[in-house]
Amino acid sequence: MLIRSAAVDDAAAIHALHNAAFTPHNPGVTGELPEARLVDELRADGDLLPELSLVAVREGQVIGHACSSPGRIGDDAKSAIGFGPLGVLPEHQRTGAGAALVHATVGAANALGYQLVMLLGSPEYYSRFGFVLAGTLGITPPVAEWAPYFQALPLAAYRPENHGAFRYAPAFDRL
């Protein structure tokens, strides 16, 4: 498996894989799923960070995608990123592709000097990568009901005084 930056030519494969990956989590929803639409809108808005839009490729096929977009903690628009969605084709789930994408994203975000990676997801899954509930760091989610699933990973540049309300890129508000 190869992890590389997503290319313009990967857009259709990325859209299809997010639709496939999230179908089990959206029972009764047909057609385009919110996660696939979100990636497309982040790209269209210019908020899909190119150095943090990564694909997993196996035997020439894009099997997974992870992306990040700018985030804001309080008035600070430079220290945090919003991670996700992370999607892997169903037939390639539980093969290490998702974990490889998380590790690659975290490593790249750390190297780029970000302080925090923020996400909304399963604490059971993401805690193994070092994510903690954001509230323990004094960071609140955009929607209060998200608190049990809203997580943060402090990176090398993290400063504890960086806390407050987190805002995702505008495409998240349009979901």
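Student: How much space lies in the second largest pocket?
Tutor: About 190 Å³ of space lies there, where a volume is the space filled by probe spheres set on grid points joined across faces, edges and corners. A pocket here is an open set of points, on a 1 Å grid over the protein atoms alone, where a 1.4 Å probe fits and protein lies on both sides within 12 Å along at least five of seven lines; lining residues have an atom within 4 Å of a point. This is a predicted model, in which local features need pLDDT of at least 70 and side-chain atom pairs pLDDT 80 or more, while totals for chains, interfaces and linings use all residues. Residues are numbered from 1 along each chain as its sequence is written, and side-chain values use heavy atoms, with hydrogens and water left out.

Student: Which residues line the second largest pocket?
Tutor: The lining includes A6, A7, V8, A11 and I14, and also L42, R43, G46, D47, L48, P50 and S53. Helices α1 and α2 each supply at least two residues of that lining; helices (H or I, at least four residues) and strands (E, at least two) are DSSP runs numbered from the N terminus.

Student: And by class, what does the lining of the second largest pocket have?
Tutor: It has 8 nonpolar, 2 polar and 2 charged residues, with Ala, Val, Leu, Ile, Met, Phe, Trp, Tyr, Cys and Pro counted as nonpolar, Asp, Glu, Lys and Arg as charged, and the others, Gly among them, as polar.

Student: Okay, how much space lies in the largest pocket?
Tutor: About 1,200 Å³ lies in the largest pocket. It is lined by 37 residues, and those closest to its centre are F22, L86, L120, G121 and Y126. The elements that give two or more residues to this lining are α1 (11–22), α2 (34–45), β5, α3, β6, α4 (123–126) and α5.

Student: Which element gives the largest share of the lining of the largest pocket?
Tutor: Strand β5 does, with 6 residues. By class, the lining of the largest pocket has 21 nonpolar, 11 polar and 5 charged residues.

Student: What do β5, helix α3 and β6 make?
Tutor: Together β5, helix α3 (residues 97–111) and β6 make a right-handed β-α-β unit, meaning that, with the strands pointing away from the viewer, the path from the first strand over the helix to the second runs clockwise. Strands β5 (residues 80–88) and β6 run parallel and are joined by 3 bridges, and two strands pair if DSSP finds at least two bridges between them. A80 is the residue that stands opposite L116 in β6.

Student: How many residues of β6 are buried?
Tutor: In strand β6 (residues 116–120), 4 of the 5 residues are buried, so the strand is mostly covered; buried means under 20% relative accessible area, exposed over 50% and partly exposed in between, with a 1.4 Å probe and protein chains only. β6 also pairs with β9 in the antiparallel sense over 5 bridges, with L153 in β9 as the bridge partner of V117.

Student: What order do the strands have in the open sheet of 7 strands?
Tutor: The order is β1-β2-β3-β5-β6-β9-β7, with mixed pairing. β1 (2–5) and β7 (132–133) stand at the edges, and because each has a single partner strand, one side of each is left without a neighbour in the sheet. β7 is joined to β9 by 2 bridges and the two run antiparallel; V132 has A152 in β9 as its bridge partner.

Student: New topic: how many aromatic pairs does the count come to?
Tutor: The count comes to 10, where rings of Phe, Tyr and Trp (its six-membered ring) pair if their centres lie within 6.5 Å, and planes under 30 degrees apart count as stacked, over 60 as edge-to-face and the rest as tilted.

Student: Why is the pair of W146 and Y168 edge-to-face?
Tutor: Their ring planes stand at 65 degrees, with the centres 6.3 Å apart, so the pair is edge-to-face. This pair links distant parts of the chain, since W146 lies in the loop between β8 (139–140) and β9 (150–154), and Y168, 22 residues apart from it, in the loop between β10 (164–167) and α5 (170–173).

Student: Is Y168 buried or exposed?
Tutor: Y168 is buried, with a relative accessible area of 8%, whereas W146 is partly exposed at 25%.
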